[in-house]
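This report describes selected features of one protein structure. Please keep the sequence and the model in view while reading.

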Amino acid sequence: MTGRDYEIRAAAVDPLGPLRDPQEPGCDVFLTGTVFLDIIFTGLDSAPVRGTESWARGMGSSPGGVANMATALARLGLRTSLAAAFGDDHYGEYCWDALEQGEGIDLSMSHTIPGWHSPVTVSMAYEGERTMVSHGHEAPPPAGPGPFPQCPPLARAAVASLGPGRGEEWIGEAARRGSRIFADVGWDESGRWDLGALADLEHCEAFLPNAGEAMRYTRTDCPRAAARALAEKVPIAVVTMGAEGSYAVDGRTGETAHVPGITVDELDPTGAGDVYVAGFVTGTLAGWPLADRLAFAGLTAALSVQEFGGSLSAPGWPEVAHWWQAAPQELRGRYGFLDDLIPSGGAPAARRRAVPTIGFRHSA
């Protein structure tokens, strides 16, 4: 089979196709958060040095923040709804267009705020790491009884970012309305690492911290031990371990799974964690075995770091199919489930990529 054949087959993938019926919610995944304009510099030999000027060999701009996760979900074929505030500046207009028109994300619960400028993050990638500088102001609340109209909507799932001592009313409401909650967590600036302070953990079906976060929250010295401890608190605990892959425990059945990472030439790690979560959500909603979910999530994250930016580097099914066509022989067994996911028919769609400017006046 040629590369073109694989791309054509991949464009038609709906991972939830066999599960859909006319009575289901129109939304597969709901999420809310802050959309940033990301400006990414790559090709730096080292961190910027005080008092000097550094030149980057590469640059890209794209929607960032919660847009990373929303785009990753949409590119994997999930009907995605995002509630977010957008500035009424050119940055906000660009981000709105990229997400709604470019990615097909439902923004009906989002709104534009007059006089509010878009938050911006500058990310510098070097030596496999990144340093970020951000600027923005908290968005003023819209008029009405809640943060967003009809929030949350009926959805198969919702993705949340947990914070210590900070509960979000919408998470519990989404769970009560039947959404399966998937959550990650950020760095605890307080240094307390109190698992009990994550108020919304009780609503979660799956919790996906990285190894450092997981070990600190569980007071363990091993990612696997951390995952086992977390599985006593949530049905499924997934601990990501960078190049070593990920490890998961299903606390309901006792099943465990470990899938090593895939080695790739890394350009920019921005948003890789978001892409991983999107891949895991996709596999979970589709009912795949636990190990296949880890493998797919790790694959999508690995593909994302080969491109600029967080949101627009997220792979879709054509990119997955292209990788699978040329996958090393030693990985054919582990990723063989991909053969059943790429149907015939359809036409490949061009993917937006991060570019040095947010828009040219005339198309090339």
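Predicted model: local features only at pLDDT ≥ 70, side-chain atom pairs only at ≥ 80, totals over all residues.

Axes here are lines fitted to C-alpha atoms, for helices over the stretch in contact, and angles run from 0 to 180 degrees between N-to-C directions.

Helix α8 contributes F296, L299 and L303 to the contact, while α9 contributes W317, E319, V320 and W323; contact means heavy atoms within 4.5 Å. By class, the contact of α8 with α9 comprises 6 nonpolar residues, 1 charged residue and no polar ones. Ala, Val, Leu, Ile, Met, Phe, Trp, Tyr, Cys and Pro count as nonpolar, Asp, Glu, Lys and Arg as charged, and the others, Gly among them, as polar.

## A mixed open sheet

An open sheet of 4 strands has the order β3-β2-β7-β8, with mixed pairing. At its edges are β3 (58-65) and β8 (129-135), each of which pairs on one side only. From one strand to the next, the twist averages 20°. Two strands pair if DSSP finds at least two bridges between them.

Strand β7 (residues 120-126) pairs with β8 in the antiparallel sense over 7 bridges. Within β8, M132 is the bridge partner of S123. Helix α2 (residues 66-75) lies across β2 and β3 and runs at about 90° to β3.

## Residue D38

Strand β2 (residues 35-42) contains D38. D38 is buried, with a relative accessible area of 5%; buried means under 20% relative accessible area with a 1.4 Å probe, protein chains only. Leaving aside residues up to four places away in sequence, D38 touches G60, S61, S62, P63, G64, G65, N68, T121 and T270. D38 and V122 are 84 residues apart in sequence, yet their C-alpha atoms are 5.9 Å apart in space.

## The chain overall

The protein chain has 9 helices and 14 strands. Helices (H or I, at least four residues) and strands (E, at least two) are DSSP runs, numbered from the N terminus. Of the 364 residues in the protein chain, 49% are buried. Among contacts between residues at least 6 apart in sequence, 69% join residues at least 24 apart.

## Basis of the values

Residues are numbered from 1 along each chain as its sequence is written, and side-chain values use heavy atoms, leaving out hydrogens and water. Local features need pLDDT of at least 70 and side-chain atom pairs count only at pLDDT 80 or more, whereas totals for chains, interfaces and linings use all residues.

Definitions and conventions: Buried < 20%, exposed > 50% of the residue type's maximum accessible area, 1.4 Å probe, protein only.
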